[in-house]
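Here is a brisk report on one protein chain. Please keep the sequence and the model open while reading.

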Amino acid sequence: MRFDIEQSVFGLYRMRTPKKPPSRATLIAISIALVVPLLLPAILVIWDMFLLGCCITVLFYGGLISFALIRKKIMFSKFFKFKNAQEKIHLIRVSDMAEIDEFIEDSALIERFSPDSQTLNLIYNWMNNLGVVHGEDIQAYVIHPILLSGRYPFMKDWKPADWICFRVEDLDINDQNRERFNAEVYYMQLWTLQEILGRK
């Protein structure tokens, strides 16, 4: 899985489960617990138990690594409830400037970096987890930035990748999920066309 997608999921997890920073005493205890196993082989060599110290060190740090990997796997399995969710996003190519104007006025959300199947999978699972998906499928609109270059000259130098547009009115955003949706939308690197084009 791509690093940026992993960071989005980790960021959402940290945002949804805020924790108080550990106290100084806790940090000291953790530091000691992490350092002592490294010193065990040298300490136990005094009693001719060097191999025992090495085994304890390997088991300790191996256990920490295993715990981190299992925790990560559980976190991702809970987030990615749909494995091939990109198949539930129906892409519609847009070539009509009048329709793009509607997207601008309606504050439609744009993924600007020509998302691949992994990115679409991330976006769908995020929307599904929030409960903003009507039914099971989502309509998304494909816009090529060059269509905007006639009106917005700076778009001529824009990368040629397509944009994927989601109309907010197609989503089930209500009083229960609106706050979370607004708070998390930028973790998905979704922007409105108004923001990209500098329009208010």
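## An aromatic cluster

Phe80 is buried, with a relative accessibility of 6%. Phe79 is buried as well, at 5%. These values come from a predicted model.

The structure holds eight aromatic pairs. One of them joins Phe10 and Phe76, with ring centres 5.5 Å apart. The planes of Phe10 and Phe76 meet at 85 degrees, so this pair is edge-to-face. It bridges distant parts of the chain: Phe10 belongs to helix α1 (residues 3-16) and Phe76 to helix α3 (residues 50-79), 66 residues apart. Phe76 has a relative accessibility of 9% and counts as buried.

Phe79 and Phe80 also form a pair, with ring centres 5.0 Å apart. Their planes stand at 75 degrees, so this pair too is edge-to-face. Ring pairs tie Phe10, Phe76, Phe79 and Phe80 into a cluster.

Strands of a sheet pair through backbone hydrogen bonds, either parallel or antiparallel. Here β1 and β3 run parallel and are joined by five bridges. Within that pairing, Arg93 has Val142 of β3 as its bridge partner. β3 pairs with β4 in the antiparallel sense, over three bridges. Val142 stands opposite Ile164 in β4, and Tyr141 stands opposite Cys165 in β4.

β2 (residues 109-111) runs antiparallel to β4, with three bridges between them. Leu109 has Phe166 of β4 as its bridge partner. β2 also pairs with β5, again in the antiparallel sense and over three bridges. There, Ile110 is partnered by Trp191 of β5.

## Covered strands and a crossing helix

In a regular strand the side chains alternate between the two faces of the sheet. β4 is covered on both faces. Trp163 and Cys165 are buried on one side, Ile164 and Phe166 on the other. β3 is mostly covered, with five of its six residues buried.

## Helix α4

Helix α4 spans residues 97-105. Which of its residues are buried? Ile100, Phe103 and Ile104 are. They cover an arc of only 100 degrees around the axis, which puts them on the same side of α4. Their cover includes β3 (138-143), β4 (163-166) and α7 (193-197).

The ends of α4 have details of their own. At the start, a side-chain oxygen of Asp96 comes to within 3.0 Å of the backbone nitrogen of Ala98. After the helix comes Ser107, whose phi is positive, near 55 degrees.

## Two loop residues

Lys88 sits in the loop between α3 and β1. Is this lysine buried or exposed? Lys88 is buried, with a relative accessible area of 19%. The cut-off for buried is under 20%. Leaving aside residues up to four places away in sequence, Lys88 touches Phe82, Tyr124, Glu136, Asp137 and Ile138.

Asp170 lies in the loop between β4 and α6 (178-184). Its relative accessible area is 26%, so Asp170 is partly exposed. Beyond residues up to four places away in sequence, Asp170 touches His134, Gln139 and Tyr141. Glu136, one of the contacts of Lys88, is 34 residues from Asp170 along the chain. The C-alpha atoms of Asp170 and Glu136 are separated by 12 Å.

Definitions and conventions: Residues numbered from 1 in each chain as written. Predicted model: local features only at pLDDT ≥ 70, side-chain atom pairs only at ≥ 80, totals over all residues. Heavy atoms only, no water. Buried < 20%, exposed > 50% of the residue type's maximum accessible area, 1.4 Å probe, protein only. Helix = DSSP H or I, 4+ residues; strand = E, 2+ residues; numbered from the N terminus. Arc of directions from axis to C-beta. Contact = heavy atoms within 4.5 Å. Polar contact = N/O pair within 3.5 Å; in protein donor to acceptor, adjacent residues only side chain to side chain. Pairing = 2+ DSSP bridges. Phe/Tyr/Trp six-rings, centres within 6.5 Å; stacked < 30°, edge-to-face > 60°.
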